[in-house]
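Please keep the structure open while reading.

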Amino acid sequence: MSGSAPRLAPGTLRDIGPLVAGFARVAGRVQGTEPPAVFLTLGRHRRLFWGWLHFAGRLMPGGRLSRRESELVILRVAARRGSAYELTQHRRLGRRAGLGADQVEAIERIDAPGGVRAVGFSARELVLLRVADELVETRDLGGDTWTEVERHFDERERIEVLMLAAHYDMLATVLHTLRVAPDRPRR
């Protein structure tokens, strides 16, 4: 995908309307980037965009998982999917949520969660890494993994973990297919 032109260019004010454009501009300022291309591109379908944004916001930042836990899942899914856009976006967000640089680097290594114990992940966080790996790879969780999920998460959190990982897997597909380029830092 590197160097590929977007299949749908980020929308102009006329394409996305003033509400999406204003939201994207504010989001870019908060994140220290240009207005996020994910919003400018998906905003071309305004009705779907607002529904998607509401859903995504219920998962993160409005979910039951901590911000750190959500970012851990998102980064792992992005790494497993090779999503340059999501990795670029969520490295910064993960650091803000309390993940150290060494932890972000460990999350991005695809060599399985066993190698990440040395960088200070809790047992609960290691389960999240395992869940993200299995869901991306098999679209299911094995019995042993599910037992660990039950041990560490309540019923609502279990649903949320699955929805969060699946959502970012879906988003990685959309961003890759549309060739959405990572956002540049704001000047």
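The model is predicted. In it, the axes of helix 5 (84–96) and helix 9 (155–178) cross at roughly 125°, so helix 5 and helix 9 are oblique to each other.

**Helix 5 with helix 9**

- The axes of helix 5 and helix 9 come within 8 Å.
- On the helix 5 side, the contact is made by Y85, E86 and H90.
- On the helix 9 side, these residues meet Y168, L171 and L175.
- By class, the contact of helix 5 with helix 9 holds 4 nonpolar, 1 polar and 1 charged residues.

**Helix 3 with helix 9**

- Helix 9 also packs with helix 3 (46–59), at an angle of about 135° and with the axes 10 Å apart.
- Helix 3 and helix 9 are therefore oblique to each other.
- The crossing of helix 3 past helix 9 is left-handed.
- Helix 3 contributes W52, F55, A56 and L59 to the contact, while helix 9 contributes E160, M163, L164, H167, M170 and L171.
- The residues of this contact divide into 8 nonpolar, 1 polar and 1 charged.

**Helix 5 with helix 6**

- Helix 5 packs with helix 6 (residues 101–108) at an angle of about 145°, and their axes are 10 Å apart.
- Helix 5 passes helix 6 in a right-handed crossing.
- From helix 5, L87, R91 and R95 meet A101, V104 and E108 of helix 6.
- The contact of helix 5 with helix 6 has 3 nonpolar, no polar and 3 charged residues.

**The largest pocket**

- Which residues are the closest to the centre of the largest pocket? The pocket holds about 470 Å³ of space, and of the 23 residues that line it, Q31, F39, M60, L93 and Y168 are the closest to its centre.
- Two or more lining residues come from each of helix 1 (13–31), helix 2 (37–42), helix 3, helix 5 and helix 9.
- Helix 5 gives the largest share of the lining, 6 residues.
- By class, the lining divides into 16 nonpolar, 4 polar and 3 charged residues.

**Backbone geometry**

- Most residues other than glycine have a negative phi, and most peptide bonds are trans.
- The peptide bond that joins M60 and P61 is cis, with omega about 20°.
- P61 lies in the loop between helix 3 and helix 4 (67–81).
- R139 is a residue other than glycine with a positive phi, near 65°.
- The loop between helix 7 (123–138) and helix 8 (143–152) contains R139.

Note on methods:
Residues are numbered from 1 along each chain as its sequence is written. This is a predicted model: local features need pLDDT of at least 70, side-chain atom pairs count only at pLDDT 80 or more; totals for chains, interfaces and linings use all residues. Side-chain values use heavy atoms; hydrogens and water are left out. On a 1 Å grid over the protein atoms alone, a cavity is a set of points where a 1.4 Å probe fits but cannot get out, and a pocket is an open set with protein on both sides within 12 Å along at least five of seven lines; lining residues have an atom within 4 Å of a point. Grid points are joined across faces, edges and corners, and a volume is the space filled by probe spheres set on the points. Helices (H or I, at least four residues) and strands (E, at least two) are DSSP runs, numbered from the N terminus. Ala, Val, Leu, Ile, Met, Phe, Trp, Tyr, Cys and Pro count as nonpolar, Asp, Glu, Lys and Arg as charged, and the others, Gly among them, as polar. Axes are lines fitted to C-alpha atoms, for helices over the stretch in contact, and angles run from 0 to 180 degrees between N-to-C directions. Angles under 35 degrees count as roughly parallel, over 145 as roughly antiparallel, 65 to 115 as roughly perpendicular and the rest as oblique. A crossing is left-handed if the near helix is turned anticlockwise from the far one by less than a right angle, and right-handed if clockwise. Contact means heavy atoms within 4.5 Å.
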